[in-house]
Amino acid sequence: MSTAAAPVRSLRAGTVLADLIPASRARDIALVVGGAALTGLAAQISVPVPGSPVPVSGQTFAALLVGTALGARRGFLALALYAVAGMAGVPWFAQATSGYGMPSFGYILGMLLASTVVGALARRGADRSVLRTAGAMVLGSAIIYAVGVPYLALATGMTFGQAVAAGLTPFLIGDALKAALAMGALPAAWKLAGRKG
């Protein structure tokens, strides 16, 4: 009886996709490490942008996906592990870099905050419909830029306008595509989980 009731309970509001896996400390550790590793792997999908020290990469998409799928606490821990390991020398930031002295490090700090926020929104059901997922992804991206662009300006001596031109404007189309992917993938995952439940 408890086996049949568990899937129904897990699909209620207040759960995230990771909660569909039976709870244990080992699960949480694996999810956090896996979320950090996924972000590090996605960061290697990286294309330099002419005139900008910030490349287009898959790490922003991964960070938002990790936060949404794992929830605020585990999403924060996964991105904190990603950031700390990268600062300690693991070459898994974009373009196989590491450290904290690079001009794009502010985006990593922004991802840490964004993954936490979208994870909290996912607990409120923001990942279960196309429109709400779009809103969560737009907010998450805005948070990343709100931290990353000023950091870029400070780290490079650019004016704020120059930092926007180099560290925001070239990425808007790619962010729209990433949001569209999330808008399809996350609600579809919930529908699939509901059918299995």
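Predicted model: local features only at pLDDT ≥ 70, side-chain atom pairs only at ≥ 80, totals over all residues.
View 1. H3 covers residues 59-70, and its end C-alpha atoms are 16 Å apart, which agrees with the 16 Å its 12 residues should span at 1.5 Å a residue. Most of the helix is covered, with 10 of the 12 residues buried; among them are Ala-62, Ala-63, Leu-64 and Val-66.

**View 2. Thr-68 in its surroundings.** A polar atom of its side chain lies 2.8 Å from the backbone oxygen of Leu-64. Leaving aside residues up to four places away in sequence, Thr-68 touches Val-16, Val-118, Gly-119, Ala-122, Asp-127, Met-137 and Leu-186.

View 3. The structure has six salt bridges. One of them pairs Asp-19 with Arg-123, with the closest N and O atoms 2.5 Å apart. Asp-19 is in the loop between H1 and H2, while Arg-123 is in H5, 104 residues apart. Arg-123 is partly exposed, at 29% relative accessibility. Arg-74 and Asp-28 also meet in a salt bridge, 3.0 Å from N to O. Arg-74 is in H4 and Asp-28 in H2, so this pair ties together parts 46 residues apart in sequence. Both of these residues, Arg-74 and Asp-28, are buried.

View 4. Lys-178 and Asp-175 pair up at 3.8 Å, N to O. Both lie in H8, three residues apart, or about one turn of the helix. Lys-178 is buried at 18% relative accessible area, and Asp-175 is buried at 14%.

Technical notes: Residues numbered from 1 in each chain as written. Heavy atoms only, no water. Helix = DSSP H or I, 4+ residues; strand = E, 2+ residues; numbered from the N terminus. Expected span 1.5 Å × (residues − 1). Buried < 20%, exposed > 50% of the residue type's maximum accessible area, 1.4 Å probe, protein only. Polar contact = N/O pair within 3.5 Å; in protein donor to acceptor, adjacent residues only side chain to side chain. Contact = heavy atoms within 4.5 Å. Salt bridge = Lys/Arg side-chain N within 4 Å of Asp/Glu carboxyl O.
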